[in-house]
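Good morning, and thank you for making time for this item. I would ask you to look at the sequence and the structure before I comment on them.

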Amino acid sequence: DIGINVDNGVVTLTGYVTQPIKSEDMARRASHADGAQDLVNRLEVLPASIGDDRLRNIIANAIYRDPAFSNYAAQAVPPVHIVVRNSSVLLTGIVNSEVERRQAENIVRSISGIIGVQNTLRVEQ
């Protein structure tokens, strides 16, 4: 999950990646954008964890196999982003309705092995 903000030529990257190389790649790409004069890389590299990777895959499969989200599954970049750190889950991104926002959280909460869930999904206006 990555956010990009540009203010007076300063590109700021925020969010989470699963590998240091991804942070480096995003920073390299952003620094070459037209008009970029400076770069602030605030991307957090999540700790390597087989358990977190497993949970991330289980959650993604559960969400995108649910009929409420099947229309998102075919998108190149699905709009629900799943961040897992030490078995805690952060849902970010955009969905079409409050019902979908709540359904995504309910799906995650039904999966065993999750310590906590933070749902920051936004409803598309």
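Predicted model: local features only at pLDDT ≥ 70, side-chain atom pairs only at ≥ 80, totals over all residues.

Residues are numbered from 1 along each chain as its sequence is written, and side-chain values use heavy atoms, with hydrogens and water left out.

The chain contains 4 helices and 7 strands, where helices (H or I, at least four residues) and strands (E, at least two) are DSSP runs numbered from the N terminus. Their order from the N terminus is β-β-α-β-α-α-β-β-α-β-β. The C-alpha trace spans about 45 × 35 × 25 Å along its principal axes.

Of the 125 residues, 34% are buried; buried means under 20% relative accessible area, exposed over 50%, and partly exposed in between, with a 1.4 Å probe and protein chains only. Among contacts (heavy atoms within 4.5 Å) with a separation of 6 or more, 62% join residues 24 or more positions apart.

Let me turn to helix α1. Residues 20-31 form this helix of 12 residues, and from first C-alpha to last it reaches 17 Å, close to the 16 Å expected at 1.5 Å a residue. That expected span is 1.5 Å times one less than the number of residues.

Which residues of α1 are buried? They are S23, A27 and A30. Seen down the axis of α1, these buried residues fall within an arc of 70°, so they line one face of the helix; the arc is that of the directions from the helix axis to the C-beta atoms. The buried residues of α1 pack against β2 (10-17) and β3 (38-45). On the other side of α1, I21, E24 and R29 are exposed.

Finally, the two loop residues. N8 lies in the loop between β1 (2-7) and β2, and its phi is near 50°, a positive value in a residue other than glycine. N8 counts as exposed because its relative accessibility is 70%.

N86 sits in the loop between β4 (80-85) and β5 (88-95). Its phi, near 55°, is likewise a positive value in a residue other than glycine. With 52% relative accessibility, N86 counts as exposed.
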